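These are my notebook entries on a structure that is new to me. I record what I looked up, entry by entry.

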Amino acid sequence: ANVSHELKTPLTSIQGYAQALLDGAAADPQRAAGVIHDEAQRLARLVEELLDLAKLDTGQAALDRRPVDLPAILAAIVERLTLKAQERGVLLENHANTLPGLIGDGDRLAQVFTNLIDNALKHTPRGGVVKLGSEAEPGWITVHVEDSGPGIPPNELSRIFERFYQLDKARSGSGPRGVGLGLAISREIVQAHGGTVSATSAMGQGSRFSVRLPIIRPGDVTLARPRA
């Protein structure tokens, strides 16, 4: 039912504007073409995320587990999103610089933190701050993504990792609207690594998303380097 609803909305727009172009009834053909393009992109994102989630569900998305330099991955993501942060008037700070190495799928972990940081930027008003922090404990590391946005109400906080769940549009930020799969996919990836992802928030004070990952799991190749 959720998939049908998410597919129907952009398809309706595409059909309506395409028919207007065919009939010569579009007052602004370029704008009509732009709407069709944007809605087609939204459909493409939805299909890609659905396929990704299906693979994770069925275990077909096998993790490419190998030694990962997580601080380097986070630094690359921050560098890539800095321009977007500047355009939104948001300060993006990275304090997750010192972490031990871990075993995991670097590409999948990059997907998780890109989604979390991108979400934080979308929900942070101009003049706000998005901060990355980290901590380590025996056998585990935790990375926090914290924003200074409006916060998430308690009744919604408990549901944000549900598939297709979307926050109130009044707090959804600007830019293309998602379909509510990003956090669900991120949770699946983190759980596949043997970790957990959680969120805390206070209204008017922002939100914090925390990803806790094991440094190594049974069966992983060792992180230790052989002696010369």
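Entry 1, a loop residue. I began with leucine 63, which is found in the loop between H2 and strand S1 (66–68). The model I am reading is a predicted one. I looked up the contacts of leucine 63, leaving aside residues up to four places away in sequence, and found Asp105, Arg108, Ala192 and His193. For histidine 193 I also noted the separation from leucine 63: 130 residues in sequence, but 8.2 Å in space, C-alpha to C-alpha.

I asked whether the length of helix H2 (residues 29–58) agrees with its residue count. At 1.5 Å a residue, its 30 residues should span 44 Å, and I found the end C-alpha atoms 43 Å apart, which agrees. Which residues of H2 are buried? I listed Ala32, Val35, Ile36, Glu39, Arg42, Leu43, Leu46, Asp52, Leu53 and Leu56.

The ring centres of phenylalanine 161 and phenylalanine 209 are 6.1 Å apart and the planes are at 75°; an angle over 60 degrees counts as edge-to-face, so I recorded the pair as edge-to-face. Phenylalanine 161 lies in the loop between helix H5 (154–157) and helix H6 (182–192), and phenylalanine 209 lies in strand S7 (residues 206–214), so the pair ties together parts 48 residues apart in sequence. I noted that phenylalanine 161 and phenylalanine 209 are both buried.

Lastly, I looked up tryptophan 140: the charged end of arginine 212 sits over its ring, 4.0 Å from the ring centre.

Technical notes: Residues are numbered from 1 along each chain as its sequence is written. This is a predicted model: local features need pLDDT of at least 70, side-chain atom pairs count only at pLDDT 80 or more; totals for chains, interfaces and linings use all residues. Side-chain values use heavy atoms; hydrogens and water are left out. Helices (H or I, at least four residues) and strands (E, at least two) are DSSP runs, numbered from the N terminus. The expected span of a helix is 1.5 Å times one less than its number of residues. Buried means under 20% relative accessible area, exposed over 50%, partly exposed in between (1.4 Å probe, protein chains only). Contact means heavy atoms within 4.5 Å. Rings of Phe, Tyr and Trp (its six-membered ring) pair if their centres lie within 6.5 Å; planes under 30 degrees apart count as stacked, over 60 as edge-to-face and the rest as tilted. A charge sits over a ring if NZ of Lys or CZ of Arg is within 6 Å of the ring centre and within 35 degrees of the ring normal.
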